[in-house]
Amino acid sequence: MSGIALTFFIVAAVLVWGGLIASIVFLARQPQLATYPATAELGDDE
Amino acid sequence: MPVQEESVQHRSVQSGSVASRPREQWTGQWGFILSAIGSAVGLGNIWRFPGVAYENGGGAFLIPYLIALVTAGIPILFLDYAIGHRFRGSAPTAFRRLGGTAGKWLESLGWFQVWICVFIAIYYAAVVAWAASYFMFSFDLRWGDDTAGFFTGEFLQATAPGFSAQFVPAVLIPLVLVWVVVLVVLGGGIAKGIQRANVVFLPLLVVAFLILVVRALFLDGAMAGLDALFTPDWAALGNPNVWIAAYSQIFFSLSIAFGIMITYSSYRSRRANVTAPALVVAFANSSFEIIAGIGVFATLGYFAFQQGVGINELEGLTGVGLSFITFPAIVSQMPGGPLFGALFFGSLVLAGFTSLLSILQVVSSAFQDKFGISARQAAVRVGSVLAVVSVLLFSTTTGLFTLDTVDQWANNIGIVAAAIAATIVVVWVFRKGPELAAHLNAVSTFKVGRVWQLLIGILTPIALFFMLIQRIIVLVTDGYEGYPLWFLAVAGWGTIALILTGSIVMTAMRWKHDPDDFTPWPSATALKDLTK
């Protein structure tokens with residue numbers, strides 16, 4: 001595999017797989033909000 | 001005013017469902033995420049992305065691809081999720097509620113998406129059935145040396161474009177089995193049917209495909225294949241068609257703009273985090289595409305090495321040709337070929353099956369909402385009709401040509417037109433961008449702002465418009481695959497005409513339960529308070 005191809009593979013891996021890992025970590029750390037808007041209309045399926 | 005979650009008042013007067021029963025829900029965040037990834041990761045990830053990337057600049061293609069992901073894919077995914085989550089219904093229900101009193105006609109846009117799914121589902125099931133057959137054929141390499149001849153001749157018994165009544169048992173039997181299995185899962189509903197299937201099948205797909213990729217990487221010539229895939233052709237970046245290809249790939253790959261993600265997000269709880277899971281789904285989809293690219297091109301590198309030719313001399317690098325002609329030829333030459341073939345076609349079955357489930361759920365959910373029927377009733381009544389049509393059209397000697405044509409028109413004309421209409425109507429006609437952005441921010445941990453609204457309101461429609469116009473010009477001037485014009489008029493443009501007619505007819509029909517008896521949460525007033 002040539003140097004330029006290897007570079008592009010690494011860049012793709014870092015951006016895409018890194019994006020996946022970052023988004024999973026972000027979601028795991030903040031799975032939901034601490035507060036929500038006030039409501040009297042929240043249904044039985046909330 | 002924001003309050004602690006624990007102190008939110010509950011009042012069981014508004015279920016948000018048009019049916020008399022409460023709306024079904026995923027059992028949790030990850031059940032939804034796995035199902036959404038299962039929908040997004042489909043046949044196109046495996047058989048389309050690698051070839052498209054190679055033919056459009058190799059490594060350089062990754063630049064427009066990633067830009068398209070960030071500027072169109074993720075924004076439209078957010079839009080779909082926002083519509084489904086805020087208006088809590090199938091595509092017709094959600095669009096009707098979005099339109100409000102003056103925009104009840106917007107239901108027709110939802111039905112347009114549903115009818116696209118109808119046409120895609122009936123041929124997609126056939127491709128899953130082909131893959132299932134080839135999974136079995138892998139064990140004795142039944143395709144022999146002439147894989148092209150076997151596929152179109154012995155297996156499909158393809159004749160010529162037209163509409164034949166001559167059934168092919170080798171296609172008909174697995175196709176019926178696929179429909180039986182998929183309708184059983186669909187009848188189980190969201191949590192017990194679709195989610196359960198995805199929780200099993202998606203990890204299985206990832207494991208099977210990773211084994212395939214690792215095996216492929218140790219084949220002779222594999223590195224030459226990766227070289228071909230990742231070496232950038234910088235000149236390609238100056239070609240507008242490469243950018244259109246990148247936006248197309250992202251667009252078709254993410255299952256956006258034809259009702260799937262609206263439907264799936266409508267089954268999330270009111271206080272579910274919407275945007276952060278969307279990021280996981282989008283990056284997971286692209287991650288699988290990169291893995292697929294590595295697996296497919298490492299394997300093609302081996303094939304080129306065996307043939308003593310360059311990768312650029314190989315044919316059949318995408319789609320049906322790659323999967324059912326090129327790959328079987330490679331498998332036949334490979335040590336341990338039967339296992340490799342089983343992994344490849346097994347992966348196609350798993351990827352296709354979970355995507356097929358999501359496509360059919362769009363249809364099922366719409367009929368459940370409109371006619372107040374259960375998931376099981378929708379599977380039996382609606383699903384069985386689709387199964388019959390699917391068998392009649394695609395298990396005959398002309399099934400291949402019909403499939404190819406319906407696929408071309410439903411995707412490149414139908415979905416793209418639906419997406420343009422949705423973005424323009426939502427952002428410009430009904431001015432719902434700020435409300436949807438506020439909704440996303442009210443329930444999600446990843447916030448969106450004006451940039452998101454600009455992307456879905458300006459950049460995405462422009463990119464999609466170019467895709468649509470370019471495709472229409474090509475189809476009108478060049479035709480398609482040399483098929484007769486009358487056949488393209490019936491199977492291609494006829495598909496679009498039926499989608500349009502079907503959406504008007506379904507919109508005109510009466511609802512079992514009033515879909516307008518619904519209050520979005522958070523209320524518009526609460527959202528305005530939040531954005532002050």
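**View 1. Helix 8 and helix 15 of chain B cross at roughly 55°.** In this predicted model, the axes of helix 8 (residues 169-187) and helix 15 (residues 337-371) of chain B come within 10 Å. Helix 8 of chain B is therefore oblique to helix 15 of chain B. The crossing of these two helices is right-handed. Helix 8 of chain B brings Val182(B), Val185(B) and Leu186(B) to the contact. Helix 15 of chain B meets them with Phe353(B), Leu356(B), Leu357(B), Leu360(B), Gln361(B) and Ser364(B). By class, the residues of this contact are 7 nonpolar, 2 polar and no charged.

**View 2. Helix 7 and helix 14 of chain B cross at roughly 140°.** Helix 7 spans residues 147-155 of chain B, and helix 14 spans residues 319-333 of chain B. Their axes come within 8 Å. At this angle, helix 7 of chain B is oblique to helix 14 of chain B. The crossing of the pair is right-handed. On helix 7 of chain B, the contact uses Thr147(B), Ala148(B) and Phe151(B). On helix 14 of chain B, it uses Phe324(B), Ile325(B), Pro328(B) and Ala329(B). The contact of helix 7 with helix 14 of chain B counts 6 nonpolar residues, 1 polar and no charged.

**View 3. The largest nonpolar core holds 207 residues.** Six members touch the most others: Leu77(B), Ile116(B), Ala121(B), Ala125(B), Val128(B) and Val182(B). Helix 6 (residues 107-138) of chain B gives this core its largest share, 25 residues.

**View 4. Asp227(B) is in contact with residues of chain A.** Asp227(B) sits in helix 10 (residues 222-230) of chain B. Asp227(B) counts as buried because 21 other C-beta atoms lie within 10 Å. Beyond its neighbours within four places in sequence, Asp227(B) is in contact with Met1(A), Ser2(A) and Ala5(A). Phe32(B) is 195 residues from Asp227(B) in sequence. In space, the two are 37 Å apart, C-alpha to C-alpha.

**View 5. Chain A has 46 residues.** Its secondary structure comes to 1 helix and 1 strand. Buried residues make up 30% of chain A.

How values were computed. Residues are numbered from 1 along each chain as its sequence is written. Chains are lettered from A and ligands numbered from 1 in the order in which they are written. This is a predicted model: local features need pLDDT of at least 70, side-chain atom pairs count only at pLDDT 80 or more; totals for chains, interfaces and linings use all residues. Helices (H or I, at least four residues) and strands (E, at least two) are DSSP runs, numbered from the N terminus. A residue is buried if 20 or more other C-beta atoms lie within 10 Å of its own, exposed if 12 or fewer, and partly exposed in between; C-beta atoms are placed from the backbone. A nonpolar core is a set of buried Ala, Val, Leu, Ile, Met, Phe, Trp, Tyr and Cys residues joined through C-beta atoms within 7 Å. Two residues are in contact if their C-beta atoms, placed from the backbone, lie within 7 Å. Axes are lines fitted to C-alpha atoms, for helices over the stretch in contact, and angles run from 0 to 180 degrees between N-to-C directions. Angles under 35 degrees count as roughly parallel, over 145 as roughly antiparallel, 65 to 115 as roughly perpendicular and the rest as oblique. A crossing is left-handed if the near helix is turned anticlockwise from the far one by less than a right angle, and right-handed if clockwise. Ala, Val, Leu, Ile, Met, Phe, Trp, Tyr, Cys and Pro count as nonpolar, Asp, Glu, Lys and Arg as charged, and the others, Gly among them, as polar.
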